[in-house]
Amino acid sequence: MKIIFTIGLSILLSSNFFAQKNEKLSTKDAAIVEHFKTDYKKKNYKKFSGKILVKDNLAQFDNKTVYYDKADKITATILKEGLIYPQLLTDYQMQKFLDESTDKTQKRFLKLQKDPKASFDVNNIKLSNTSELTFFNSNIKTKRFKVSLKDIRLNTTSTYLFELMNDKATKDISLEEFIKGAKLTYIDTE
């Protein structure tokens with residue numbers, strides 16, 4: 001009887017040890033999950049169609065410059081593939097302003113400008129700390145990321161969330177190969 005009791009007690013106490021542990025999301029990660037639940041709208045963005053010049057720690061998209069850390073392979077690959085670029089961010093910021101602003105006077109003033117995109121112009125920025133949001137790994141064809149964007153001229157930093165989709169992805173594909181065959185399907189600020 002003692003042996004059965006001891007075995008039963010050992011199994012009961014060790015079940016916690018062998019049980020799969022669910023990591024609790026941090027407050028920031030929980031906010032990102034909520035953001036994707038409430039604000040997510042899939043869209044297909046075009047890759048950069050102009051000339052991309054990559055050298056040392058910068059990438060030039062026509063006349064716009066993006067700096068990055070050479071050691072950050074994710075950011076380097078995304079820039080080389082033309083998935084995220086300054087002209088895209090300029091268009092995104094202008095559209096976000098038009099969609100979210102309730103001030104009709106500001107909207108009218110913007111439309112009267114000779115070049116309305118000029119006030120949203122993105123240039124001389126630094127992208128850094130690109131990381132995959134691994135808690136969204138349910139679909140092997142879709143990966144979500146966050147990246148820090150520092151506007152060097154204004155000395156401001158913001159975080160962008162974005163999604164890449166690769167229809168030819170397999171579970172054994174490397175992240176670099178995934179990015180090379182991917183398209184941008186979502187971008188927003190945190």
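**Strands, helices and a few residues**

Reply: Happy to! Strand β3 (residues 64–68) pairs with strand β4 (residues 125–132) in the parallel sense, over three bridges. Helices (H or I, at least four residues) and strands (E, at least two) are DSSP runs, numbered from the N terminus. Two strands pair if DSSP finds at least two bridges between them. This is a predicted model, where local features need pLDDT of at least 70 and side-chain atom pairs count only at pLDDT 80 or more, while totals for chains, interfaces and linings use all residues. Residues are numbered from 1 along each chain as its sequence is written, and side-chain values use heavy atoms, with hydrogens and water left out.

Me: What holds paired strands together in general?
Reply: Strands of a sheet pair through backbone hydrogen bonds, in either the parallel or the antiparallel sense.

Me: OK, zooming out. What is the strand order of the whole sheet?
Reply: The order is β1-β2-β3-β4-β5-β6-β7, an open sheet of seven strands with mixed pairing. Its edge strands are β1 (52–55) and β7 (183–189), each pairing on one side only. Neighbouring strands are turned by 25 degrees against each other on average, direction ignored. For angles, axes are lines fitted to C-alpha atoms, for helices over the stretch in contact, and values run from 0 to 180 degrees between N-to-C directions.

Me: How do β1 and β2 pair, parallel or antiparallel?
Reply: Antiparallel, with four bridges between β1 and β2 (residues 58–61). There, V54 stands opposite A59 of β2.

Me: Which strands does helix α3 touch?
Reply: Helix α3 (residues 73–80) packs on the sheet and touches β1, β2, β3, β4, β5 and β6. Its direction makes about 115 degrees with that of β4. Contact means heavy atoms within 4.5 Å. Helix α2 (residues 27–39) lies across β5, β6 and β7, at about 110 degrees to β7.

Me: Now helix on helix. At roughly what angle do α4 and α5 cross?
Reply: Roughly 140 degrees, and the axes of α4 (residues 86–100) and α5 (residues 104–112) come within 10 Å. M94, F97 and L98 of α4 meet Q106, K107 and L110 of α5. By class, that contact has four nonpolar, one polar and one charged residues. Here Ala, Val, Leu, Ile, Met, Phe, Trp, Tyr, Cys and Pro count as nonpolar, Asp, Glu, Lys and Arg as charged, and the others, Gly among them, as polar.

Me: Switching to single residues. Where is I152?
Reply: I152 is in the loop between β5 and β6 (156–165). I152 counts as partly exposed because its relative accessibility is 44%; buried means under 20% relative accessible area, exposed over 50%, and partly exposed in between (1.4 Å probe, protein chains only). Setting aside neighbours within four places in sequence, I152 is in contact with Y67, N124, I125 and K126. Y67 is 85 residues away along the chain, yet the two C-alpha atoms are separated by 9.6 Å.

Me: And why does S128 count as buried?
Reply: Because its relative accessible area is 19%. S128 lies in strand β4 and, leaving aside neighbours within four places in sequence, is in contact with D72, V147 and S148.
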